[in-house]
Amino acid sequence: MSDPRAAIPPRGWRVLIATAGAVFILGALSVASGPADPLIETRWPIKHVVFIVKENRTFDQYFGLFPGANGTTTARQGNRTIPMRRGIPQRLPHDLLHDYATAVRSYNHGKMSRFGWDRWSYRYAFSEALPSDIPNYWHWARRFVLGDNFFSSALGPSFPNHLLSIAAQSAGTHDNPRPQNDAVRRRFHGRLKSWGCDGPRGVKVRVDDNEGGGGMLVPPCFDVPTEADLLDAAGVGWAYYAAPPHQLGYLWSAYSAIRHVRETGEWQQHVRSVSHLVPDIQAGKLPAVTWVTPRFPLSEHPEFSECFGENWTTGVVDAIMRSPMWKDTAIFITWDDWGGFYDHVRPPVVDGFGLGFRVPLLVISAYALPSHVDHRLSEFSSVLRFVEDNWNLAQLTNRDGLTGDMSHDFDFASAPRPPEPLSRRTDCRGSPFSGQPS
């Protein structure tokens, strides 16, 4: 199915694809990704940024009932208005389809009216959380900043959105990489762990040019400039915590799709197992800028438990709050794409790749505005712009060049707020590792 946005080109930036013959060679400096260097000047009193990206929820599904936010109690389904079902289960029995074609179908030329199209999406796409369903997320939303006009960066699933979270572009991709023949599909079905440069042979992804055309199939390994290159050149430390190659969830390790990171010493220096994240926080080892993606069973990706996923996030935030880094840290928590769930807000068209559907954003910091709902338009590149403006870096593309830097979510003139650690939930049912990604 063709995307009605495809005729709208990105504003001025050029996709650079190594496998398509336009190779971008980077000679960035390599620096140690140790603790944040207090001698490096920052615009604001923020010395650490932690960008946590979880899986597959919309704003309406998690915060559609939040007071003062742009939520809804009804949904459009075709030509009908139907009530949203209140309450979400801890674990869905089946994932909802959420590839690029389904995104275009659900968007339905901006009508936002075709989210329910099979038996699973009819049943679960139109559900929204009660406060008791995700109590810690609602607590942070009440106490800190909740963004209700924050969008995933690409109209599509995980792969392009995770690239946008590190590069302010998707390298021309709209969709996830897929096996291109039956032999590869049979061999890796259910066990595919990598979408990047070390992925299995025969897995490719479609890339489009600036005008939305082209449709080339290439291996999912690119050489585009990333935020890490800007940080390296400025001597600012960074790390990416994700599932390692032998674990499910490695497919979200976005730098595995960046050749000049995955196939150089940058990988060993900066990319770390997510199981080391909390110990590294406690030991004071986090660098200035840190991306975090969880293991698959703790990501909230259906059909794994959102309860155990929320507890994992709570453990990360609590570790920061209980550490010396709390006083100078900004935490951004979001979800990578809509996952097939309903959202009523039409995403703005900024280029041929997005924006995608609205997702939740939580901003947690000793300087975050208290009890604030942020109605300003933002997306994943806005977090990159915050990093760039804080450390006086350049921009990568028009995405981070044109967006705001989210400094309006902070009060840097006030003294830092004391930490507010939360207890983990005790109502999680079953095992966090039961369920299989479909």
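Author: Let's start in helix H1, which covers residues 59-63. Phe59 and Phe63 both belong to this helix, and they are four residues apart, which is about one turn of the helix. Keep in mind that this is a predicted model.

How do the two rings meet? Two things describe an aromatic pair: how far apart the ring centres are, and the angle between the planes. For Phe59 and Phe63, the centres are 5.9 Å apart and the planes make 35 degrees. Stacked would need an angle under 30 degrees and edge-to-face one over 60, so this pair counts as tilted. Both Phe59 and Phe63 are buried, too.

Now look at Tyr62 and Phe63. Their ring centres are 6.4 Å apart with the planes at 85 degrees, so here we have an edge-to-face pair. Tyr62 is buried, and so is Phe63.

Across the model, the count comes to 33 aromatic pairs.

The charged end of Arg262 sits over the ring of Trp267, 4.1 Å from the ring's centre.

And how far can you trust the picture? The protein's pLDDT averages 88, and 86% of the residues score at least 70. Residues 1-33, though, have a pLDDT below 50, and that stretch still has 96 contacts in the model beyond near neighbours in sequence.

Terms used. Residues are numbered from 1 along each chain as its sequence is written. This is a predicted model: local features need pLDDT of at least 70, side-chain atom pairs count only at pLDDT 80 or more; totals for chains, interfaces and linings use all residues. Side-chain values use heavy atoms; hydrogens and water are left out. pLDDT is the predictor's confidence in each residue, from 0 to 100. Contact means heavy atoms within 4.5 Å. Rings of Phe, Tyr and Trp (its six-membered ring) pair if their centres lie within 6.5 Å; planes under 30 degrees apart count as stacked, over 60 as edge-to-face and the rest as tilted. Helices (H or I, at least four residues) and strands (E, at least two) are DSSP runs, numbered from the N terminus. Buried means under 20% relative accessible area, exposed over 50%, partly exposed in between (1.4 Å probe, protein chains only). A charge sits over a ring if NZ of Lys or CZ of Arg is within 6 Å of the ring centre and within 35 degrees of the ring normal.
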